[in-house]
Amino acid sequence: MEMDKRDLVQYFVVNQDLKMSTGKTAAQVAHAATVSTINLMSSQSPFHEKHDDFVEWVQSGMKKIILKGKQTELEKLEKRGFFSIRDSGLTEVKSGSLTVIALPPMVKSEAKEIVGHLTLLKN
């Protein structure tokens, strides 16, 4: 009998206050995905305890969910040590703008305690 796989998801929170275009948003989420993946592969990762979850997540399809949040929400998550992306200011937003927060992959129920009050980004 096969055991059920855990529902591991990586959540991204996009700063809705910046009103970025769809393309800009996609690029910023891609930056967050890249930075978080490189970091999670490192033995120096601040989320070392999540390494096994990360490996299982990669092997099970790398499920991602994109949420939207206000600047203050992203700042709270950044203070908690989650991966943050700040823009270089070359196109649509001011240099240093906090565009996206990425959480490490985790069980959906665990993430719900952190970002369960936020809604899906749809546009």
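A residue is called buried when its relative accessible area is under 20%, exposed when that area is over 50%, and partly exposed in between. These terms are used in the legends below, which describe close-up views of a predicted model.

**Figure 1. Confidence along the predicted chain.** The protein chain has a mean pLDDT of 92, and 95% of its residues reach 70 or more. Confidence is highest in strand 4, at 98, and lowest in helix 2, at a mean of 92.

**Figure 2. The buried side of helix 3.** Helix 3 spans residues 71-79, and its buried residues are Glu73, Leu74 and Leu77. These residues lie on the same side of helix 3 because they cover an arc of only 95° around the axis. An α-helix has 3.6 residues a turn, so residues three or four places apart point the same way. The cover over the buried residues of helix 3 includes strand 1 (8-15), strand 2 (64-69), strand 4 (98-102) and helix 4 (108-115).

**Figure 3. The outward face and the end of helix 3.** Lys76 and Lys79 are exposed residues on the face of helix 3 that is turned away from its buried side. After helix 3 comes Gly81, which has a positive phi, near 95°.

**Figure 4. A salt bridge between Glu56 and Arg6.** The structure holds eight salt bridges. In one of them, the side chains of Glu56 and Arg6 meet at 2.9 Å, N to O. Glu56 belongs to helix 2 (residues 51-59) and Arg6 to the segment before strand 1, so the pair ties together parts that are 50 residues apart in sequence. Glu56 counts as partly exposed because its relative accessibility is 23%. Arg6 is likewise partly exposed, with a relative accessible area of 37%.

**Figure 5. A salt bridge between Lys63 and Asp7.** The side chains of Lys63 and Asp7 form a salt bridge at 3.2 Å, N to O. This pair links distant parts of the chain, 56 residues apart: Lys63 is in the loop between helix 2 and strand 2, and Asp7 is in the segment before strand 1. Lys63 has a relative accessible area of 37% and is therefore partly exposed. Asp7, with a relative accessible area of 33%, is also partly exposed.

**Figure 6. A buried pair and a network of salt bridges.** The side chains of Lys50 and Asp53 meet in a salt bridge at 4.0 Å, N to O. Both Lys50 and Asp53 are buried. Salt bridges link Arg6, Lys50, Asp53, Glu56 and Glu110 in a network.

**Figure 7. Lys19, a residue with a positive phi.** Lys19 is not a glycine, yet its phi is positive, at about 50°. The residue is located in the loop between strand 1 and helix 1 (22-41). Lys19 counts as exposed because its relative accessibility is 69%.

**Figure 8. Met62, a further residue with a positive phi.** Although Met62 is not a glycine, it has a positive phi of about 55°. Met62 is found in the loop between helix 2 and strand 2. Its relative accessible area is 39%, so Met62 is partly exposed.

Key:
Residues numbered from 1 in each chain as written. Predicted model: local features only at pLDDT ≥ 70, side-chain atom pairs only at ≥ 80, totals over all residues. Heavy atoms only, no water. Buried < 20%, exposed > 50% of the residue type's maximum accessible area, 1.4 Å probe, protein only. Helix = DSSP H or I, 4+ residues; strand = E, 2+ residues; numbered from the N terminus. Arc of directions from axis to C-beta. Contact = heavy atoms within 4.5 Å. pLDDT = per-residue confidence, 0-100.
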